[in-house]
Amino acid sequence: MIQRTSTQTPLIRRQIARQLKEQIILGSALIKFRGPIVKGWLNLRYAQCRKGNCQCTKGRPHGPFLYATMRVKGKNVYRYVGKTDDGSLVRQIKDYQDFRQKLARLRKLSSEIDSQYRKLESKLTRPAT
Ligand SMILES: [Zn+2]
């Protein structure tokens, strides 16, 4: 007896193939990180010196200046980085952010691929007689 293939299986197969390609791209990017990377976040802040007649006392604060927030022994530590963003700490923090973002996408993708395989399995399975 000829089994009719579900019309959805080519779609599911294409979807899985696309996701596997993205998984390889992400995985390859992740293993290329050489480190060190620093667990931290970058933010811009304005500051006030409050000196005499300075512009900052009239609502025009200095900056923005770049600050790094890092986790050190379970505590948040703030460090002034300055106006430039080409320092190695900045790069290491950006690498951390980039790494985490790619890793999060990879994990989400893995779970999506798993669910596609389950779908495929259910489409391919016929009741035993
Ligand atoms: Zn000032």
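Lys73 is exposed, since 5 other C-beta atoms lie within 10 Å; here a residue is buried if 20 or more other C-beta atoms lie within 10 Å of its own, exposed if 12 or fewer, and partly exposed in between, with C-beta atoms placed from the backbone. The model is a predicted one, in which local features need pLDDT of at least 70 and side-chain atom pairs count only at pLDDT 80 or more, while totals for chains, interfaces and linings use all residues. Residues are numbered from 1 along each chain as its sequence is written. The protein contains two helices and three strands, where helices (H or I, at least four residues) and strands (E, at least two) are DSSP runs numbered from the N terminus.

**Confidence**

- The mean pLDDT of the protein is 90, and 92% of its residues reach 70 or more; pLDDT is the predictor's confidence in each residue, from 0 to 100.
- Among the elements, H1 has the highest mean pLDDT (97), and strand E3 (residues 75-82) has the lowest (88).
- Where pLDDT is low, the predicted coordinates should not be read in detail.

**Overall architecture**

- Along the sequence, the elements of the protein follow the pattern α-β-β-β-α.
- The protein is more spread out than a compact globule, because its radius of gyration is 25 Å, well over the 14 Å that the globule rule gives for 129 residues. The radius of gyration is taken over C-alpha atoms, and the globule rule is 2.2 Å times the number of residues to the power 0.38.
- Taken along the principal axes, the box filled by the C-alpha atoms is roughly 90 × 35 × 25 Å.
- Of the 129 residues, 2% count as buried.
- Of the contacts between residues at least 6 apart in sequence, 59% join residues at least 24 apart; two residues are in contact if their C-beta atoms, placed from the backbone, lie within 7 Å.

**Helix pair**

- The axes of H1 and helix H2 (residues 88-124) cross at roughly 155° and come within 9 Å. H1 is therefore roughly antiparallel to H2.
- Axes are lines fitted to C-alpha atoms, for helices over the stretch in contact, and angles run from 0 to 180 degrees between N-to-C directions. Angles under 35 degrees count as roughly parallel, over 145 as roughly antiparallel, 65 to 115 as roughly perpendicular and the rest as oblique.
- The crossing of H1 past H2 is left-handed, a term used if the near helix is turned anticlockwise from the far one by less than a right angle, with right-handed used if clockwise.
- Gly27 belongs to helix H1 (residues 9-31) and counts as partly exposed, because it has 15 C-beta neighbours inside 10 Å. From Gly27 to Lys102 the C-alpha to C-alpha distance is 8.3 Å, across 75 residues of sequence.
- Gln97 is part of helix H2 and is partly exposed, with 15 other C-beta atoms within 10 Å. Gln97 and Ile37 are 60 residues apart in sequence, and their C-alpha atoms are 8.9 Å apart.

**Contacts of Ala68 and Leu89**

- Ala68, in strand E2, is partly exposed, with 19 other C-beta atoms within 10 Å.
- Leaving aside residues up to four places away in sequence, Ala68 touches Gly40, Leu42, Arg79, Val81, Leu89 and Ile93.
- Leu89 is located in helix H2 and is partly exposed, with 16 other C-beta atoms within 10 Å.
- With residues up to four places away in sequence again not counted, Leu89 touches Val38, Ala68 and Val81.
- Ala68 and Arg13 are 55 residues apart in sequence and 44 Å apart in space, C-alpha to C-alpha. For Leu89 and Lys51, the separations are 38 residues in sequence and 31 Å in space, C-alpha to C-alpha.

**Backbone geometry**

- Most residues other than glycine have a negative phi, and most peptide bonds are trans.
- Lys73, in the loop between E2 and E3, has a positive phi of about 50° although it is not a glycine.
- Arg50 lies in the loop between E1 and E2, and its phi is near 60°, a positive value in a residue other than glycine. Arg50 is exposed, with 8 other C-beta atoms within 10 Å.
- A cis peptide bond, with omega near 0°, runs from Gly35 to Pro36; Pro36 is placed in the loop between H1 and strand E1 (40-47).
- The peptide bond from Gly63 to Pro64 is cis, with omega near 10°, and Pro64 is situated in strand E2 (residues 62-72).
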